[in-house]
Amino acid sequence: MTTDCIFCKILAGTIPAKKIYEDDDVIAFNDIKPMAKVHFLIVPKLHVEGLKACDISHQNLLGKMLLLAPKLAAEQGLVGFKTLINTGREGGQEVFHIHVHVFGGGVA
Ligand code: AMP
Ligand code: ZN
């Protein structure tokens with residue numbers, strides 16, 4: 001838990017989010033500014049800034065997040081979908097708690 005991190009606050013329940021999945025390691029919730037009809041974020045419970053902060057110790061967690069994408073996308077009614085991981089401010093990252101965007105289903 002990092003106190004000034006918006007996703008840690010969602011994990012702690014101090015900021016609301018439309019949760020679509022949760023287990024011991026990850027949570028998934030709808031993006032507040034959807035880029036498509038369906039747009040959710042897969043977020044680890046562990047606060048890791050981004051892909052550049054990951055090492056071999058995060059391998060299982062990263063794999064788990066990616067494998068959840070098709071499962072949750074199907075549950076959300078998506079036949080096909082896009083995935084996106086922004087890394088670094090120059091890479092478009094705005095929230096520095098690693099997350100996988102999953103979106104599809106046409107224009108929001
Ligand atoms: P990124 O640019 O990859 O860091 O993406 C951050 C994403 O988090 C953006 O798509 C935001 O719309 C989304 N976001 C920011 N705050 C919230 C929030 N409180 N609940 C849900 N999604 C959020
Ligand atoms: Zn965090």
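This is a predicted model: local features need pLDDT of at least 70, side-chain atom pairs count only at pLDDT 80 or more; totals for chains, interfaces and linings use all residues.
## Basis

Local features need pLDDT of at least 70 and side-chain atom pairs 80 or more, while totals for chains, interfaces and linings use all residues. Residues are numbered from 1 along each chain as written, chains are lettered from A and ligands numbered from 1 in written order, and side-chain values use heavy atoms, without hydrogens or water.

## Around ligand 1

Ligand 1 has 16 residues around it, each with a heavy atom within 4 Å. Asp31, Gly92, Glu94, Val95 and His101 come nearest. By class, the shell holds seven nonpolar, six polar and three charged residues. Gly counts as polar here.

α1 (6-12) and β2 (26-30) each give two or more shell residues. The largest share, three residues, is from α1. Helices are DSSP runs (H or I) of at least four residues, and strands (E) of at least two.

## Polar contacts

Polar contacts are pairs of N or O atoms within 3.5 Å. The side chain of asparagine 86 has an N or O atom 2.9 Å from an oxygen atom of ligand 1. For the side chain of histidine 99, the distance to a ligand 1 oxygen is 2.8 Å. Glycine 92 uses a backbone N or O atom, also at 2.8 Å from an oxygen of ligand 1.

## The hairpin

β1 (residues 19-22) and β2 pair in the antiparallel sense over three bridges; pairing needs at least two DSSP bridges. Three residues lie between the strands of this hairpin. Lysine 19 has phenylalanine 29 of β2 as its bridge partner.

How values were computed:
A polar contact is a pair of N or O atoms within 3.5 Å; within protein, one must be able to donate a hydrogen and the other to accept it, and residues adjacent in sequence count only if both atoms are side-chain atoms.
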